[in-house]
Amino acid sequence: MLSCRQEIAFFHDDVGTMALHDAPTEIDLRKRFQAIFHNTFQFIFLVSVEGVILEINQAAVNFTGVVASQALARTLWDLECWADEAARSKLQTGLYRASGGEFVRYTGEIVNLEGTRAVVDLSIKPIFSSDGEIDFFIVEGRDITAIKRMEFERDRERQHADALHKLNDMKNEFVSQVSHELRTPLASIIGFAQTLLRSPNIAPEKATQFLNIILDDGRRLERLVEDLLDISRIESGKTSLITEPTSIAQILDYATHIIATEAESKRITITHDYTPETLPFLALDNDRITQVFVNLLANAVKFTSPDGSITIRASHDKEQVSVSIADTGIGIPVSDLPRLFEKFYRAKQRDTDGKEIRGTGLGLAIAKQIVELHGGSIRAESTFGEGSTFTVTLPHQAN
Ligand code: ADP
């Protein structure tokens, strides 16, 4: 193997610019090494196999504030410049891996001269002696804090743009869904009103039938607008709960009373499988929670065929009360379950006569938001063709 001096001389010879006798002296080489070592932008430590600092360049001194004379002969990981214990152990792991002959590169953290944490791109290169043993390590690095900050800002801007984009998509989807939901009943109202106007001699039974359709669709529109107002109030955070100690048993009674006529018309039996007196009072917004249970019970009636049954169960422990409403209705396809609480989402079921079941797809979305405002949760379980169970869990204390 050539000595360092010979190698340089050989290189110059090779390009024909310098003869062997012009080879630089050891002193020249030392000077050149020092010039490069201390004037490079990178900070550099030469470190022994034991981790002891052999050399430290000017960039390292400037960057870390370490005093060169005090750093020499100390182990590299003992210097005060490492940001924390994690940064020290990362360095030790790096040196350990490099002692196996590996070139190691990683992102570390250093506290710079001004006392601020800086992100550094660090590399550890083992340098071998002629006998193949590791002579020392070159530990070098550069400050990449500004680059990282730019990357972070760029990521944040991208995430912000993505979020705006998503929001815009959601808004467009919402507007198109609302328009679609409004158009169907409106078209029917306008169509039947026009027919009535154009047919002065229409049979009274036909006229009554058309007027009933107009009334039904008018009510559907009214419900839709109320649901939309509700959801927009809740989502804009303008809904604040008015909580007071409330009997959950009374709410369940009242909600059952509201849907009783509809249930009777379908001969659906409703069973209360709990002892009302044992249920605790909860801090609830009475109107809002009533709205949730009316909605769940109305759905149970709507999606249950005549002669079916609905069972209301309630239980409680020290922390919460759980109320479940189980029906023997048409059930929900398993693929629809995860999206059931999304706005406008409706499973594609039909009733026993094959007719589409009407609705806005907003009731469960509103119910979920109200329950969550109370710090509770709502979930749905179902076996398609057999029935569904909706369970609401409410904490003793609303958030
Ligand atoms: P709507 O009933 O007005 O369509 P909801 O948000 O209350 O809106 O319900 C969303 C969908 O969830 C319904 O369209 C229906 O597909 C399904 N669903 C809700 N409750 C039940 C139930 N008890 N049985 C079967 N399907 C149900």
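Q: Which residue does Asp-121 form a salt bridge with?
A: In this predicted model, Asp-121 forms a salt bridge with Arg-142, and the closest N and O atoms are 3.5 Å apart.

Q: Is Asp-121 buried or exposed?
A: Asp-121 is buried, because its relative accessible area is 11% and the cut-off for buried is under 20%. Arg-142 counts as partly exposed, at 35% relative accessibility.

Q: How many salt bridges does the structure hold?
A: The structure holds 19 salt bridges. One of them joins the side chains of Asp-84 and Arg-117, at 2.7 Å from N to O.

Q: Which parts of the chain does that pair link?
A: Asp-84 sits in the loop between α4 (68–71) and α5 (85–98), while Arg-117 is in strand β4 (residues 117–128). These are distant parts of the chain, with the two residues 33 residues apart.

Q: And what about the accessibility of Asp-84?
A: Asp-84 counts as partly exposed, with a relative accessibility of 28%. Arg-117 is also partly exposed, at 44%.

Q: Which residues are linked with Asp-84 in a network of salt bridges?
A: Glu-109 and Arg-117 are linked with Asp-84 in such a network.

Q: What about Arg-156, which residue is its salt-bridge partner?
A: The partner of Arg-156 is Glu-153, with 3.3 Å between the closest N and O atoms. Both residues lie in helix α6 (residues 145–198), 3 residues apart, which is about one turn of the helix. Arg-156 is partly exposed at 45%, and Glu-153 is partly exposed at 31%.

Q: Changing topic to the sheet: what is the order of its strands?
A: The order is β7-β9-β10-β12-β11, in an open sheet of 5 strands with mixed pairing.

Q: Which strands stand at the edges?
A: Strands β7 (269–273) and β11 (377–383) do; each has a single partner strand, so one side of each is left without a neighbour in the sheet. From one strand to the next, the twist averages 15°.

Q: How many bridges join β10 to β12?
A: There are 7 bridges between β10 (residues 320–327) and β12 (residues 387–395), and these strands run antiparallel.

Definitions and conventions
Residues are numbered from 1 along each chain as its sequence is written. This is a predicted model: local features need pLDDT of at least 70, side-chain atom pairs count only at pLDDT 80 or more; totals for chains, interfaces and linings use all residues. Side-chain values use heavy atoms; hydrogens and water are left out. Two strands pair if DSSP finds at least two bridges between them. Helices (H or I, at least four residues) and strands (E, at least two) are DSSP runs, numbered from the N terminus. Axes are lines fitted to C-alpha atoms, for helices over the stretch in contact, and angles run from 0 to 180 degrees between N-to-C directions. A salt bridge is a side-chain nitrogen of Lys or Arg within 4 Å of a carboxyl oxygen of Asp or Glu. Buried means under 20% relative accessible area, exposed over 50%, partly exposed in between (1.4 Å probe, protein chains only).
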